[in-house]
Amino acid sequence: MKKKLATLITSLTLVAVLLFTLCGCSTYGKVQKAFKNDGWTEQTEVSDAQKDAVTAIFGEDAESKLTIHVFTKGVLGVATVVEFKSDKEMTESLKTLTEDPIIGSYVKNFIDNIQDCQIVNGNCVLVSGFVAGGLETFKKSK
């Protein structure tokens, strides 16, 4: 009886650990690798202007919901990728944008198919760097 109970507890613990591990996965590692392979350099600090831009898009509490990553390449190449804690957190943040009178209707149209969008990969969103080749590099991470 003790062996069966120990086996059951071990199995349940293993299942719980696997669920937390799989649910906590981020696609940022693939995004980061794609940028580094294309010659982009990840910056260690994020400028106030970039923080303000992300806050303007995702709301005042954006910094508690996401992490901002900035990559540079050459003189003009700057790409900003925001990494949400989870896909669910990203979708919830975007749903709050549907209330905006200017961009709300556009956001509503792609929330349901958000993973098909070129600027979204899992829990990461490319918010700048489209012209400098950042979009092409970001697409490689999918």
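**Strand pairing, salt bridges and packing in a predicted model**

Biologist: Over how many bridges do S2 and strand S3 (residues 77-84) pair in the antiparallel sense?
Modeller: This is a predicted model in which local features need pLDDT of at least 70 and side-chain atom pairs count only at pLDDT 80 or more, while totals for chains, interfaces and linings use all residues. Residues are numbered from 1 along each chain as its sequence is written, and side-chain values use heavy atoms, with hydrogens and water left out. Strands (E, at least two residues) and helices (H or I, at least four) are DSSP runs, numbered from the N terminus, and two strands pair if DSSP finds at least two bridges between them. For the antiparallel S2 and S3 the number of bridges is eight.

Biologist: Which residue in the turn of the S2 and S3 hairpin has a positive phi?
Modeller: Three residues separate the two strands of the hairpin. The one with a positive phi, about 65°, is Gly74.

Biologist: Which residue of S3 is the bridge partner of Thr72?
Modeller: Strand S1 (residues 41-42) runs antiparallel to S2 (residues 66-73) and is joined to S2 by two bridges. On that side, Thr72 stands opposite Thr41. In S3, the partner of Thr72 is Val78.

Biologist: How many residues apart in sequence are the parts that Asp38 and Lys140 tie together?
Modeller: The two residues form a salt bridge (a side-chain nitrogen of Lys or Arg within 4 Å of a carboxyl oxygen of Asp or Glu), with the closest N and O atoms 3.0 Å apart. Asp38 lies in the loop between helix H2 (28-37) and S1, and Lys140 in helix H7 (residues 134-140), so the separation is 102 residues.

Biologist: Is Lys65 buried or exposed?
Modeller: Lys65 forms a salt bridge with Asp61 at 3.4 Å between the closest N and O atoms. Buried means under 20% relative accessible area, exposed over 50%, and partly exposed in between (1.4 Å probe, protein chains only). Asp61, at 43%, is partly exposed. Lys65 has a relative accessible area of 11%, so Lys65 is buried.

Biologist: Which residues are in contact with Met90, leaving aside its neighbours within four places in sequence?
Modeller: Contact means heavy atoms within 4.5 Å. By that criterion Met90 touches Phe84, Ile114, Gln115, Val120, Gly122, Asn123 and Val125.

Biologist: What arc do the buried residues of H3 cover around the axis?
Modeller: The residues concerned are Gln50, Val54, Thr55 and Phe58. The arc is that of the directions from the helix axis to the C-beta atoms. These residues lie on the same side of H3, because their arc is only 135°.

Biologist: Which exposed residues does the face of H3 turned away from its buried side carry?
Modeller: The buried residues of H3 have a cover that includes helix H4 (62-65), S2, S3, H5 and strand S5 (124-128). The face turned away from them carries Asp48, Ala49, Asp52 and Ala56.
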